[in-house]
Amino acid sequence: MSNLVYMGMESEILKLLQTHANDEHAKNELAPWIAKTSLQMGHLYSDLGLESRKEMGEFMCKNFTSLAKLKPEDKRWKKYLYDCIGKTAPACAACEDISNCFNCSLNQ
């Protein structure tokens, strides 16, 4: 994928997160960090330096409550964010955990 495509996806994820941010810190500091990190090839929670998916959920609930309330419980955060913008995350095609990912179009 080209850098332009990545930049476009990062921008869309950023807008999504900023729309749901609980405060200015989440909007201006956390949202850009999460959007940029979502382009990396690992699981989002680990790429953000979090210990577990549970910790990721708590982090998102604390900072992006309205978005967290909409997320299906069994869907991974990176998958959910990219589903919200109608795209497939860059890491999905090479993910070793793809068979466990909720409703993954690449897994059908």
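Reader: Which side chain does the side chain of Lys75 contact, and how is a polar contact defined?

Author: A polar contact is a pair of N or O atoms within 3.5 Å; within protein, one must be able to donate a hydrogen and the other to accept it, and residues adjacent in sequence count only if both atoms are side-chain atoms. Here the side chain of Lys75 makes one with the side chain of Asp83, at 2.6 Å. The model is predicted: local features need pLDDT of at least 70 and side-chain atom pairs pLDDT 80 or more, while totals for chains, interfaces and linings use all residues. Residues are numbered from 1 along each chain as its sequence is written, and side-chain values use heavy atoms, without hydrogens and water.

Reader: Is Lys75 buried or exposed?

Author: Buried means under 20% relative accessible area, exposed over 50%, partly exposed in between (1.4 Å probe, protein chains only). Lys75 has 11%, so Lys75 is buried. Lys75 lies in the loop between α5 and α6; helices are DSSP runs (H or I, at least four residues), numbered from the N terminus.

Reader: At what angle do α2 and α4 pack?

Author: Two packed helices are described by the angle between their axes and the distance between the axes. Axes are lines fitted to C-alpha atoms over the stretch in contact, and angles run from 0 to 180 degrees between N-to-C directions. For α2 (residues 24-37) and α4 (residues 53-63), the angle is about 145 degrees and the axes are 11 Å apart. Contact means heavy atoms within 4.5 Å; Ala26, Leu30, Trp33 and Ile34 of α2 meet Phe59, Met60 and Asn63 of α4.

Reader: Which residues does Phe64 contact?

Author: Leaving aside neighbours within four places in sequence, Phe64 is in contact with Leu17, His20, Ala21, Asn22, Ala26, Leu30, Ala31 and Ile34.

Key:
Helix = DSSP H or I, 4+ residues; strand = E, 2+ residues; numbered from the N terminus.
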